[in-house]
Amino acid sequence: LAAIGWPLAELFNSQIATQLGLPTLIRPNDLAPAVLNGNISDIDPHFFLAALTLGAMVEAHTLQRKEKGTAESRFIGDIGFDPLNAYPSDPALQRQIQEAELNNGRIAMLAVTGYAIAEAINHVGVIDSTPQFF
């Protein structure tokens, strides 16, 4: 989702912010807020505090479930959310899915890092430097 969210933010942030009467966070040349391109300070610090607090609450809840020994708490990060009951019961298949999720997450982190580096070097948004994808 992060790898898709960066370009989507560049495409739609201005339109959504205008409709809601909010200031846009996208800079000229469609640069998204990032540490490397210098406009991360435009983000309200309360957002970062709220994100950190939410993440800590989720992890604390997971640790509590793990300490209680409930059947659903198998590993850190497992918050028991599976409304479609899609997670398999076979341990070998569970391990395969966990490894696939880790690999996909790593690829997404590399993609977002690539976006940030490309914008810092070119001073042009990802959507403008690769229009063939958008």
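Helices (H or I, at least four residues) and strands (E, at least two) are DSSP runs, numbered from the N terminus. Glu119 is found in one of these runs, helix H3.

## About the model

This is a predicted model: local features need pLDDT of at least 70, side-chain atom pairs count only at pLDDT 80 or more, and totals for chains, interfaces and linings use all residues. Residues are numbered from 1 along each chain as its sequence is written, and side-chain values use heavy atoms, with hydrogens and water left out.

Start with Glu119. Is Glu119 buried or exposed? Glu119 is buried, with a relative accessible area of 1%. Here buried means under 20% relative accessible area, exposed means over 50%, and partly exposed lies in between (1.4 Å probe, protein chains only).

What does Glu119 touch? Contact means heavy atoms within 4.5 Å. Residues up to four places away in sequence are not counted. The list for Glu119 is Trp6, Glu10, Asp30, Leu31, Ala32, Asn37, Val124, Gly125 and Val126.

## The nonpolar core

A nonpolar core is a set of buried Ala, Val, Leu, Ile, Met, Phe, Trp, Tyr and Cys residues joined through side-chain atoms within 4.5 Å. Which residues make up the largest nonpolar core? There are seven in all: Trp6, Ile26, Ala32, Ala34, Tyr115, Ala116 and Val126. In soluble globular proteins, nonpolar side chains tend to be buried together.

Among the core residues is Ala116. Ala116 touches Trp6 and Leu36, leaving out residues up to four places away in sequence. Trp6, Ala32 and Val126 belong to the core. Glu119 touches Trp6, Ala32 and Val126 too.

## The salt bridge

How many salt bridges does a search of the whole structure find? The search finds one. A salt bridge is a side-chain nitrogen of Lys or Arg within 4 Å of a carboxyl oxygen of Asp or Glu. Here the partners are Arg95 and Glu99, at 3.3 Å from N to O.

Both partners sit in helix H3, which covers residues 91–122. They are four residues apart, so about one helical turn separates them. Arg95 is partly exposed, at 49% relative accessible area. Glu99 is partly exposed as well, at 38%.

## The aromatic pair

The structure holds one aromatic pair. Phe47 and Phe48 form this pair, and it is edge-to-face. Their centres are 5.5 Å apart, with 70 degrees between the planes. Rings of Phe, Tyr and Trp (its six-membered ring) pair if their centres lie within 6.5 Å. Planes under 30 degrees apart count as stacked, over 60 as edge-to-face and the rest as tilted.

How open are the two residues? Phe47 is exposed, with a relative accessible area of 52%. Phe48 counts as partly exposed, at 40%.

## A nonpolar patch on the surface

Some nonpolar side chains form a patch on the surface. Its members are Ile4, Leu8, Leu11, Phe12, Ile16, Leu20, Leu22, Phe133 and Phe134. Together they have about 910 Å² of accessible area. Accessible areas come from the Shrake-Rupley method with a 1.4 Å probe; for residues, only the protein chains shown count as cover.

Patches are made of residues with over 30% relative accessible area and no salt bridge. Like charges are joined within 9 Å, and nonpolar side chains (Val, Leu, Ile, Met, Phe, Trp, Tyr) within 5 Å. Phe134 is partly exposed, with a relative accessible area of 44%.

## Loops and positive phi

Asn85 is found in the loop between H2 and H3. Asn85 is not a glycine, yet it has a positive phi of about 55 degrees. At 64% relative accessibility, Asn85 counts as exposed. His123 also has a positive phi of about 55 degrees without being a glycine. The place of His123 is the loop between H3 and H4.

Ser89 lies in the loop between helix H2 (45–68) and H3. Ser89 is exposed, at 70% relative accessible area.

## Distances across the structure

Ile107 is in helix H3 and counts as exposed, at 55% relative accessibility.
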